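I opened my notebook to look around one protein chain and write down what I found. Come along and check each entry against the picture.

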Amino acid sequence: MKSQEIGRLKEHKKNIASMQNSFCYTVEEIEEYINGELLPQKRSEIGGHLNIEKCLRCRRLFMLAQLNIGDNQNELIVKHSPSSKQKIFDRLKNRKSRKDNQIIPFNIRDRVEKGQIWTTSPNPKNIKGDEILTVEVALPVLIVDSGNGYKRLSNIIRVVPLSFDTDFHKEGYTFYFDTSKSLNPIGYPFLVEIFNQSLMLAGNLLNFRAALPAQVIEKIDILLKNFSKKDEIIDEQIKEWIEKEIRLCSYLTNPVDMAILEDSGLDNPLNIKSNLSDYKMAADDSGLAKIGDRELNLIYQSGNFNACIQKALKILKKETTNSDYVMELIKKIVFEHHHFLTKITLDEINNFIGDENLFFSQHIEPYENIENKHIENKHIENKIGQSCFPAVGLNDSAIYTLKVVDAGKYGLLKSLSPSESQLLDITGAALFLWLNGKNGLEQKNRESSISNIATIPIIWDPSSYTFVVEDSFNKEANHKVEGSSMGIALLIALFSLLFKEPVPLDIASSGVVRRDGEILPVESIEKKLEAIKRERDFITKIIISDKQKLPENPPEFEYIRVKNVQDVVENLFYNLIRLSLHSLLISLINCGSNIKIDLQKEINKMERQYQDYLIDTCMDSCHLLISYIESDINKSEQNSNRAKGTDIRIDYLFRCYWKLGACYCHKGNISQSTKYFDMAKRLYNENRTTIEPKDYYNFQNSYAILLKDMFCYQEAESVHLKIDQELRSKELPLKYVGENLSSLSQLYLAQHRYKDAEALQLKALEYIAIEEQHRNFGYLAQIYIRAKDFDRAQEALKEAKELIEKIFDQDLKTKQLAFYHWIESEYLYKRACSSKQELHKNYERFCSFYKQYKNIAHFSHGLINKFCGLGIALFGDHTTGFELLRKSEEFFDNQIDPMMRLLGVTLSIEKILLRFQYGASDFDINSEITKIINALSLQENIRAFFEKEIKELEESISNSYESDKKFEPILKILISINKKIPY
């Protein structure tokens, strides 16, 4: 009986998908454990499995095979030497004491969080609490989306199953976690099944087991995000294992499906943000369980209809077991997307019908009808503001349509990502540079310009336009299609919209547009051309750079090679250029022969460009406006006796000089910056009745702050001191004196001159009106925080809060509260670092902050999340803490402004320091350092300020590190960088 039972358990071990068995040990391992024949590490693992995790299967196996059983049948007594026993249980005791590794009973833990590992219930229930089925095994799963965070049947979460069949690891499809990893909270190697995401009801979780570290979750997030782009599985054994794992987990999703179908009362249950492709979801009852079908559906979802039909026909020729789904997909494409089908695809359909496949011919209409529908596509009207281009993903290439529209006419204004905004800005700037050249505004042609119309600039305004990338379903692409290779397509669509000229249907393009108008080549041209040939046989012409290298025997197209913007326009819109671009330019400016630009409107656009850090475009606008205003003033002076001191154009010119000087400062060209600032000062001194003193001193103050942000501390201090001297000598309103002193105080704070900063900020408060003092108290609190005088910081924060509460304008109040909460979150974190007693009290405050500023829309929101993340990690919730730091880092890394990128550097450094603090050093520190170096090198002044640290970091990248001690010099450099960044 004993041998039969052991044999049965051995046989049961072969169920490679069972958590209990794969997680367990063989009979031989248990016997070796009892006999003391294993190495200490292995003995420790098995001892923990039996005595702490209390695995019923292995305990039963042990009882059958043991040599000695104690009197107490409820507790297991294991034979080993006293010394080894003490070591094993000491280690187990230490592991149990770690927060993340505690095995918490089901009835205690009521919250689920991203990164936790749970086992699922073998008796899943629907949302009403009714038991719907019984399964043989309980699965270990990793939470990747915790929904509302409660362990309730009403909470829909996303999970990824774990497997202990590490032999089936495939890069990208699974994430391998080895026992040797110091961060492994379980102590056994396992796989995270990236391919097998499932929706489930959180109430069907059974027991909490552990929580993965945040840095591991980050890696898993990246794999999950990129999974749909992975290549096709080739290994049949892995493919078979994947199919089985998907089937095994299918019951997890069933209660979710039932909840939706039964209209369970959830808030909009169909609007579940899962972002899962059919291939990644656990199998359900829809007939899509086969891996082959899921791959076919993935091709369909990418819009590659011809590739989908061609693959589907091959499947039908080989097998008929699941032909219903394949047939339905072919029918769907034929009837809904027939205008995209190529002649090759139509011929394959015809040949298949010709093979007397009765089943197929019963479902597909005659070939002639399909072909006629296909021919109809040739007569589709060319579209205005639309252009076609190919893009290559990790999985396959596809064809997309780029649509440019007037921003105000798109309904809800589409917000562009920073990279999309930059692409639109560069492309539009290149086009308008050429248009202004055609309009006679190039510097070399200015002297020869005679007519008034020739002096009117056409000013590029990126905020007036937006664009959307649509897939073959005429819907916005559900995944980001980014990259500069769509530059020509964007250029064509923008020109088409401006001049209401349709884009020829038979044109596609792929090329990079530079700001100066040059067209550059792209990568992966071979795949892009193949995609066009495969999916769009009505496209006959491809526009590419004259520098583009084509593959051997490229597809047969008419290749139009272009050097610059002019080549693109003249090749596509020849008739427009031939007839008269000049008259169209006049209509574009919306002017007559005596045109006058709305200067206030253009100045506002210029200000917005500066605020959005479109520095190059702002500089272009400034140059054009300065040229126009100077020319216009000179003409007016020749024809009238208008006094300079009453001319409003002087004020606009003054603003252009200042803004251009600020732009040059951003670019690191201090000499040019000084030149235009001096021109602005001279203009002010000559026209004081036209230019307001408040504008002059605000610009002066802003320039000094900008110099500070560029780490030109001496220059900034010099400007502030000159402003102070001038203000006092001319007895101007004391408000200007206070604002200048406050800014100088912040300069001293950046230099860690806390006493000087405090004195100036207190002095500034004497000059600032009470209703505006809340920011000064905030700055004062920040000084005390950095000086670690937390009691006085608390007093200053209290004063700031009381003043903010008195603000009547709610929008202004909300904005000022964000600034206040940034300072308060820094205060709470740094005070908690110095006094652990503050931790519990501050934890709830941190949680309320990050929930309030969950959507980061401003740099102050990012800094709030930064300090909340640090505070929560300090409290011990590393998973949430690292997640908040990651979100803030992602926000700053996506900004164009080098100062914003510097704030991203502080996030990167804090994450590195935390990882080492918590003993998590197994990450790619070289890639983190490279990222930091790149951010510090974006601007000339910033790079010069951090030159020493950059050099040391560059030297460190080439070194290999075998212990944490070798990292100490790097950590010191990073701490030094963090201290020098004033936020």
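Which residues is K708 in contact with, leaving aside its neighbours within four places in sequence? I looked this up first, keeping in mind that the model is predicted. K708 is in contact with Y713, A716, Q746, L747 and Y983. I found K708 itself in helix α25, which covers residues 693–709.

**Entry: a strand residue**

I moved on to I543, which lies in strand β14, residues 541–545. I543 has a relative accessible area of 0%, so I noted it as buried. What does I543 touch, not counting residues up to four places away in sequence? I listed I488, I492, I507, A508, S509, S510, I560, V562 and L572. I picked I507 from that list and checked the spacing: I507 and I543 are 36 residues apart in sequence, yet 7.5 Å apart in space, C-alpha to C-alpha.

**Entry: a loop residue**

Where is I856 found? I traced it to the loop between α32 (839–852) and α33. I856 counts as buried, because its relative accessibility is 17% and the cut-off is 20%. Leaving aside neighbours within four places in sequence, I856 is in contact with H861, G862, N865, K887, S888 and F891.

A reminder to myself: in soluble globular proteins, nonpolar side chains tend to be buried together. In this model the largest nonpolar core has 138 residues, and F654, F946, L953 and I977 touch the most other members. Which helix gives the most to this core? I found that helix α23, residues 648–666, does, with twelve residues. I then looked around L953: apart from neighbours within four places in sequence, its contacts are I929, I932, I933, I970, I973, L974 and I977. There is also a second, separate core of 46 residues, which includes A391, V469, A477 and F499.

**Entry: strands side by side**

I followed A391 into the strands and found that its bridge partner in β9 is A398. Strand β8 (residues 386–392) and strand β9 (residues 397–406) pair in the antiparallel sense over seven bridges. β9 also pairs with strand β10 (residues 465–470), again antiparallel, over six bridges. There, D406 has Y465 in β10 as its bridge partner.

I then turned to strand β1 (residues 116–120), which five bridges join to β7, the two running antiparallel. Q116 stands opposite A211 in β7. Strand β7 (residues 205–211) is mostly covered, with five of its seven residues buried.

**Entry: a pocket**

My last stop was the second largest pocket, with about 820 Å³ of space in it. How many residues line this pocket? I noted 26, of which K788, Y829, K830, E910 and N978 lie nearest its centre. The lining divides into 15 nonpolar, four polar and seven charged residues. The helices α29, α31, α33, α35 and α39 each supply at least two residues of the lining. α31 gives the most, with five residues.

Definitions and conventions
Residues are numbered from 1 along each chain as its sequence is written. This is a predicted model: local features need pLDDT of at least 70, side-chain atom pairs count only at pLDDT 80 or more; totals for chains, interfaces and linings use all residues. Side-chain values use heavy atoms; hydrogens and water are left out. A nonpolar core is a set of buried Ala, Val, Leu, Ile, Met, Phe, Trp, Tyr and Cys residues joined through side-chain atoms within 4.5 Å. Buried means under 20% relative accessible area, exposed over 50%, partly exposed in between (1.4 Å probe, protein chains only). Helices (H or I, at least four residues) and strands (E, at least two) are DSSP runs, numbered from the N terminus. Contact means heavy atoms within 4.5 Å. Two strands pair if DSSP finds at least two bridges between them. On a 1 Å grid over the protein atoms alone, a cavity is a set of points where a 1.4 Å probe fits but cannot get out, and a pocket is an open set with protein on both sides within 12 Å along at least five of seven lines; lining residues have an atom within 4 Å of a point. Grid points are joined across faces, edges and corners, and a volume is the space filled by probe spheres set on the points. Ala, Val, Leu, Ile, Met, Phe, Trp, Tyr, Cys and Pro count as nonpolar, Asp, Glu, Lys and Arg as charged, and the others, Gly among them, as polar.
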